[in-house]
Amino acid sequence: MTVTPRQHAGTDGWTDARLLYALEEVVEKELNRHLAVAKDWMPHEYVPWSDGRNFDGPLEGEPWAPEQSKVTDIGRTALVVNLLTEDNLPSYHHEIASLFGRDGAWGTWVHRWTAEEGRHGIVMRDYLLTSRAVDPVQLENFRMAHMSEGFESDNRHSMLHSVAYVSFQELATRVSHRNTGHQSGDPVCDRMLARIATDENLHMVFYRNLLQAAFEIAPDLTMQAVRDVVVGFRMPGHGMPGFERAAAQMAIGGIYNLRIHHDDVLQPVLRFLKVLDIDGLDPEGLKAQEELGLFMNGLDGEARKFDERLAARAARRAARANR
């Protein structure tokens, strides 16, 4: 099945300002849909406050020790990465407010999204400190280092690139939170992250539907933006201290890796939008579509190799355990 977009006249002259104006009605529609289905929730209700006690310091409490944590080793690693990612919300807000503006439906969405994302950092930090899941001193040192660096998106040069990026990134964040909960070993943590993941999924739907509308009015430019974003995709936490090592541990631990990225993040969005089935593209759009297809095939191959290495690693560990 092929999908033929409604190519508007004069698409060569699309600018960010024109695209923002052209998509305003879609943003308003998606905003109203989001507000109708999103459920407000209270962060404090997901925190086990009765488990809390003073830390060492001015209140002369008990120092943190790893054995106090209820979560698994991989759970601690992923929780720190996930929270530090949420901590950079001021930088994310600045990025999207600068690109999308603060007026009209765009501005209402920017502020609503920021408010909802703020809950995630609040509840995660309260849970981690109250349950003594992670080292609080290390967590604060990481937060200071990460936020002092700030965040600059790879896609800040283009509104279309930014919409394409968050369409995938919101889903990636949902998957990471959900898998972290499953691997945490603590039902309280799992429940909290499931609540956060629900928000992230709704955010993904908003941006994905906006991207779908962009394909209808400027298919060639949107195809090029999607190609660029998919090929160069990086999670927003890539600049945090120790990210590469943590990402490797999360990959091996089954929280986020190449297979998950391909099967659970990229493919669902591309398939929903029928990106590789769109026809009627100009030469640049067609080139971008072909390059996207080739990249996805290559990524699937890389994911297969990763799966094989992971299986071999598990077999070696099992063999050592049986000696």
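Which residues of helix 2 are buried? I looked them up, and they are Val 27, Glu 30, Leu 31 and His 34. Buried means under 20% relative accessible area, exposed over 50%, and partly exposed in between (1.4 Å probe, protein chains only). Helices (H or I, at least four residues) and strands (E, at least two) are DSSP runs, numbered from the N terminus.

**Ground rules**

I noted that this is a predicted model, where local features need pLDDT of at least 70, side-chain atom pairs count only at pLDDT 80 or more, and totals for chains, interfaces and linings use all residues. Residues are numbered from 1 along each chain as its sequence is written, and side-chain values use heavy atoms, with hydrogens and water left out.

**Helix 2**

I returned to the buried residues of helix 2, Val 27, Glu 30, Leu 31 and His 34. They lie on the same side of helix 2, because they cover an arc of only 110° around the axis. That arc is taken from the directions from the helix axis to the C-beta atoms. The face turned away from this buried side carries the exposed residues Glu 25, Lys 29 and Ala 36.

Next I checked the length. Helix 2 (residues 24-37) has 14 residues and should span 20 Å at 1.5 Å a residue. The expected span is 1.5 Å times one less than the number of residues. The end C-alpha atoms of helix 2 are 20 Å apart, which agrees.

**Helix 2 against helix 5**

I asked what the buried residues of helix 2 pack against. They pack against helix 5 (104-130) and helix 8. Contact means heavy atoms within 4.5 Å. The axes of helix 2 and helix 5 come within 8 Å and cross at roughly 35°. Axes are lines fitted to C-alpha atoms, for helices over the stretch in contact, and angles run from 0 to 180 degrees between N-to-C directions. On the helix 2 side, the contact includes Val 27, Leu 31 and His 34. On the helix 5 side, Trp 106, Trp 109 and Arg 112 are among the partners.

**The nonpolar core**

I turned to the largest nonpolar core, which has 86 residues. Such a core is a set of buried Ala, Val, Leu, Ile, Met, Phe, Trp, Tyr and Cys residues joined through side-chain atoms within 4.5 Å. Phe 100, Phe 168 and Val 226 touch the most other members. Helix 8 (residues 187-217) gives the largest share, 14 residues. I followed Phe 168 and found Val 226, Phe 233 and Leu 270 among the residues it touches, not counting those up to four places away in sequence.

Ser 91 lies in helix 4 (residues 89-100). Its relative accessible area is 17%, so Ser 91 is buried. Leaving aside neighbours within four places in sequence, Ser 91 is in contact with Gly 150 and Phe 151. Glu 95 also lies in helix 4, and is buried at 12%. Beyond four places in sequence, Glu 95 touches Phe 151, Glu 152, Ser 153 and Arg 156.

His 146 is in helix 6 (residues 136-149). His 146 counts as buried because its relative accessibility is 3%.

**Two loop residues**

Is Arg 132 buried or exposed? Arg 132 is buried, with a relative accessible area of 1%. Arg 132 is found in the loop between helix 5 and helix 6, and has a positive phi of about 55° although it is not a glycine. Glu 60, in the loop between helix 2 and helix 3 (73-87), has phi near 55°. Glu 60 is exposed, with a relative accessible area of 71%.
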